[in-house]
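I opened the model to look up a handful of residues, then the helices, strands and rings. My entries follow in the order of the looking.

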Amino acid sequence: MKPGEERSRRRHHDERPARPPAPPTHSVGIARPLVDGVEKVTGRARYTADLPAFQAAGALVGRIGRSPVAHGVIRRIDARAALALPGVRAVVTGEDFAAPYGVIPIAQNEWPLARGKVRYRGEPLFAVAADDEASAAAALAAVEVDIEPLPAYFEAAAARAEDAVLLHDDKPGNIERRVEQSFGDVDAAFAASDLVHEGEFDCAEISHGQIELNATVAQWDAEAGQLTVQSVTQVPYYLHLTLARTLGLPPEVVRVVKPFVGGGFGHRVEPLNFEMVTAALARAAGGTVKLQCTREDSFLTHRARPATQVRLKLGFKAGGEITGVDCEVVQRGGAYAGYGLVTILYAGALLHALYRVGAVRYQGFRVYTNLPPCGAMRGHGAVNVRFAFEAALDEAAERLGIDPFALRRMNLIEPPYRTLNDLQVNSYGLPQCIDAVERASGWRQWREGRERGIGSTPAAQQGPVKRGFGMACSHYVSGSAKPVHWSGEPHAVIHLKLDFDGGITVLTGASDIGQGSSTLLAQVVAEVLLLPMARIRVIAADSALTPKDNGSYSSRVSFMVGNAALRAAEALKRVLVEAAAKTLEASAGDIEWLGETCRVTGTDRGLHFAEVVRAALVDTGTLSIKGAWSTPPETQGGSFRGAAVGSTAGFSYAAQVVEVEVDTGTGAVRVLNCWVAHDCGRAINPLAVQGQVQGAVWMGLGQALCEENTYHEGLPLRPNFLDYRMPGATDSPPIDVTLVESLDPLGPFGAKEASEGGLHSVPPAVAAAIHDATGLRVRALPITPDRLLAALVEQRRAGQRRERASPAAPAAAAATVAAAAAVKEGR
């Protein structure tokens with residue numbers, strides 16, 4: 001959780017439900033503290049660097065040596081002097097690995113340690129293991145490296161130039177992935193439109209800002225030939241596969257354990273180089289190696305949201321109906337593939353499924369550059385394009401003379417709905433979300449005050465400080481309908497163990513990284529069995545004990561693993577009911593299950609839960625029950641290339657209103673209030689859902705106003721939490737959260753995602769509020785004080801020039817263009 005997330009107000013909104021209200025429940029829908037919350041707040045929770053293996057006296061210290069240049073051919077790495085130093089136990093290079101890696105099977109082009117070439121400044125070159133920190137530091141300094149520099153490219157345009165040297169020989173033009181998709185006749189749609197609105201938008205690269213430093217401890221058992229790795233990962237299964245692949249090991253000798261994780265936000269949704277490096281050092285040294293990265297290291301291994309340029313063209317009828325969309329996206333992806341091809345596909349796929357659109361054309365370019373590789377971040381792939389889309393809608397609403405809320409309402413979907421690109425929408429709470437934030441924020445009163453000229457227009461507000469309101473909408477997937485590694489296995493599997501003590505153990509491979517998934521699984525099982533939470537224990541993410549799970553990414557756990565837990569609990573309940581029926585000499589259909597007791601319907605004959613358990617264990621002993629779930633075929637997208645990306649079994653929806661205060665003398669923006677409504681399908685744990693929505697809003701505020709990775713010749717300029725500006729407690733506005741429950745027909749108890757969809761609409765809502773306050777349209781993120789002040793100054797100068805040329809000339813269009821140029825030049 002980022003600073004300030006705790007400041008919020010929550011309200012359930014059920015005045016216009018998408019479906020009839022859900023029936024009363026035993027555990028689902030009850031606000032509960034997280035099952036691991038006490039451990040975290042008391043300090044008992046053990047994160048990777050707290051583990052006994054990490055703290056053990058015999059554990060060797062691992063350190064990584066990094067490239068001092070952004071692009072070059074590796075001529076020599078000489079470790080002889082380092083290995084001769086006392087206390088140095090091992091040195092490894094790229095030659096010590098069996099294969100490159102990458103989270104996407106068809107895009108594995110990165111080595112844990114650079115091999116042949118380096119492609120970004122700070123790329124891992126070699127690593128050492130030594131008895132202590134001092135010896136490891138001495139070893140790093142003693143390794144000799146010779147690199148022949150090559151031309152380096154730090155912007156997408158430079159990397160795409162005709163004479164640019166290729167970063168990867170098999171990728172002409174330094175294009176990792178080009179996407180071209182067209183649905184309907186876009187040109188005809190524009191020709192029939194009453195308004196065609198165009199704009200260019202620019203979003204800076206940003207990092208995740210997770211609190212916990214990256215850390216791994218690896219133990220190599222030379223006698224057994226087995227490797228055990230404990231790490232900060234969000235994807236233990238993918239890490240397991242990658243360790244086996246890169247080290248040339250059979251997967252059965254690898255064990256991966258995920259301890260407590262101090263946040264991820266997408267940073268850890270793919271295996272990262274330090275994890276494989278630590279394992280290689282442990283094998284080379286024949287023992288245990290611990291490696292903890294610095295904060296600067298985490299900015300180098302960042303997998304950040306890529307810098308993105310969006311060109312967008314929208315067509316409208318006079319009443320606001322969206323007739324056509326033409327979108328081009330260029331992402332500066334960094335040096336390696338990672339999740340890149342998925343990110344650029346998401347950017348186009350999620351143009352759909354929020355509103356009805358007449359026709360859509362999309363071109364996407366993921367470009368290799370000599371910067372750290374970008375990857376997935378909360379709201380993966382869609383945040384920057386949603387900023388452009390919602391900002392363009394706001395601009396078009398002004399040109400059409402339509403209220404921004406009315407424009408969105410004109411294009412709402414009616415579920416069930418199949419989008420142009422074959423995405424299935426089964427539940428759709430956006431109308432209720434829009435109603436909720438419009439009412440809670442007092443939007444209509446603010447607008448009516450403007451129309452009456454009661455001191456609310458920028459010109460009418462006295463002094464340099466201006467107030468404004470802005471709104472936007474968004475959506476996101478509840479897990480990808482097709483997993484990254486398609487094997488034909490279920491999307492999620494849960495094991496339930498019931499033994500003599502009457503306790504139920506939930507065994508899951510799903511990673512709880514602070515989002516509360518372990519609590520959710522316990523609540524689902526408790527709900528089905530009508531048992532108290534005290535009877536249920538969750539053990540997660542140990543490949544030697546728990547079933548495989550694909551990981552915590554794309555908001556898949558609640559929907560997919562929750563469904564598997566539901567099925568497992570139903571199967572266990574059937575076993576228990578059969579045992580009770582046999583003991584009571586009744587049919588299973590006559591057993592009334594009450595949780596701690598059961599009885600034969602219409603009689604006083606019954607059993608306590610402990611008696612039922614004893615009966616169920618006769619002849620079989622410990623019960624082990626499995627539940628599995630996979631996405632239905634109709635939710636898995638179309639048949640065109642790239643159709644799987646964006647497909648999901650359930651979309652979440654959100655609407656935001658933001659109130660800001662802009663000091664036009666300094667360019668400083670203060671967010672006064674935020675009203676957010678999120679359609680989560682069903683809030684299994686409203687307390688956890690509230691926290692997730694708060695976190696999404698906070699990350700959106702950071703991207704909107706202050707967060708940005710900047711470089712000088714490939715060197716990160718803000719690789720720490722002092723220079724990389726994130727919102728803190730003093731920046732916190734009240735966040736009014738409304739939970740809308742549309743009850744998705746496929747979600748567990750109707751639930752769907754709750755942690756990402758609310759982020760996308762924050763930056764465009766902030767930009768719209770700034771326009772409302774100042775009359776200035778800003779099309780670039782982040783909207784920092786210096787950039788906004790430059791744009792405001794240019795706005796005033798443009799106004800003065802127009803007054804001198806023609807005092808009566810309208811100002812709005814020229815001011816928008818000039819101010820947008822000023823903001824871009826500031827970058």
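**Entry 1: Asn-673.** I began with Asn-673, which I found in strand S28 (residues 668-679). The model is predicted, so I read local features only at pLDDT of at least 70 and side-chain atom pairs only at pLDDT 80 or more, while totals for chains, interfaces and linings use all residues. Residues are numbered from 1 along each chain as its sequence is written, and side-chain values use heavy atoms, with hydrogens and water left out.

Is Asn-673 buried or exposed? Its relative accessible area is 18%, so I noted Asn-673 as buried. The cut-offs are under 20% relative accessible area for buried, over 50% for exposed and partly exposed in between, with a 1.4 Å probe and protein chains only. The side chain of Asn-673 makes a polar contact of 2.9 Å with that of Glu-659. A polar contact here is a pair of N or O atoms within 3.5 Å; within protein, one must be able to donate a hydrogen and the other to accept it, and residues adjacent in sequence count only if both atoms are side-chain atoms. Leaving aside neighbours within four places in sequence, I listed Val-657, Val-658, Glu-659, Pro-733 and Pro-734 in contact with Asn-673, where contact means heavy atoms within 4.5 Å.

**Entry 2: two loop residues.** Thr-369 is in the loop between S16 and helix H11 (383-400). With a relative accessible area of 0%, Thr-369 is buried. Its contacts, leaving aside neighbours within four places in sequence, include Arg-119, Tyr-153, Glu-155 and Arg-332.

I then went to Tyr-120, in the loop between strand S5 (117-118) and strand S6 (124-130). Tyr-120 is also buried, with a relative accessible area of 0%. Not counting residues up to four places away in sequence, Tyr-120 touches residues including Ser-67, Glu-110, Asn-273, Asn-370 and Pro-373. I checked Arg-378 as well: its C-alpha is separated by 24 Å from that of Tyr-120, 258 residues apart along the chain.

**Entry 3: strands.** I traced an open sheet of six strands in the order S8-S16-S15-S14-S9-S32, with mixed pairing. I count two strands as paired if DSSP finds at least two bridges between them. Strand S15 (residues 322-334) and strand S16 (residues 360-368) run parallel over nine bridges. I found Cys-327 opposite Tyr-362 in S16.

Elsewhere I looked at strand S20 (residues 492-498), which is antiparallel to S26 and joined to S26 by seven bridges. Lys-497 has Ser-624 in S26 as its bridge partner. Which face of strand S26 (residues 623-629) is covered? The covered face holds Leu-623, Ile-625, Gly-627 and Trp-629, and the uncovered one Ser-624, Lys-626 and Ala-628.

Entry 4: Helix H15 (residues 517-529) has 13 residues and reaches 19 Å from first C-alpha to last, close to the 18 Å expected at 1.5 Å a residue. The expected span is 1.5 Å times one less than the number of residues. I noted 13 of the 13 residues of H15 as buried.

Helix H13 (residues 430-441) has twelve residues and reaches 16 Å, close to the 16 Å expected. Ten of its twelve residues are buried, among them Leu-430, Cys-433, Val-437 and Ser-441. Gly-442 follows H13 with a positive phi near 70°.

**Entry 5: rings.** My search of the whole structure gave 16 aromatic pairs. Rings of Phe, Tyr and Trp (its six-membered ring) pair if their centres lie within 6.5 Å; planes under 30 degrees apart count as stacked, over 60 as edge-to-face and the rest as tilted. The ring centres of Tyr-238 and Tyr-553 are 5.9 Å apart with planes at 35°, so I recorded a tilted pair. Tyr-238 is in helix H7 (residues 236-247) and Tyr-553 in the loop between strand S22 (536-540) and helix H16 (557-583), so the pair ties together parts 315 residues apart in sequence. Tyr-238 is buried at 2% relative accessibility, and Tyr-553 is buried at 10%. Tyr-237, Tyr-238 and Tyr-553 form one aromatic cluster.

The charged end of Arg-556 sits over the ring of Tyr-553, 5.9 Å from its centre. For this I require NZ of Lys or CZ of Arg within 6 Å of the ring centre and within 35 degrees of the ring normal. I found the charged end of Arg-386 over the ring of Phe-389, 4.8 Å from its centre.

Definitions and conventions:
Helices (H or I, at least four residues) and strands (E, at least two) are DSSP runs, numbered from the N terminus.
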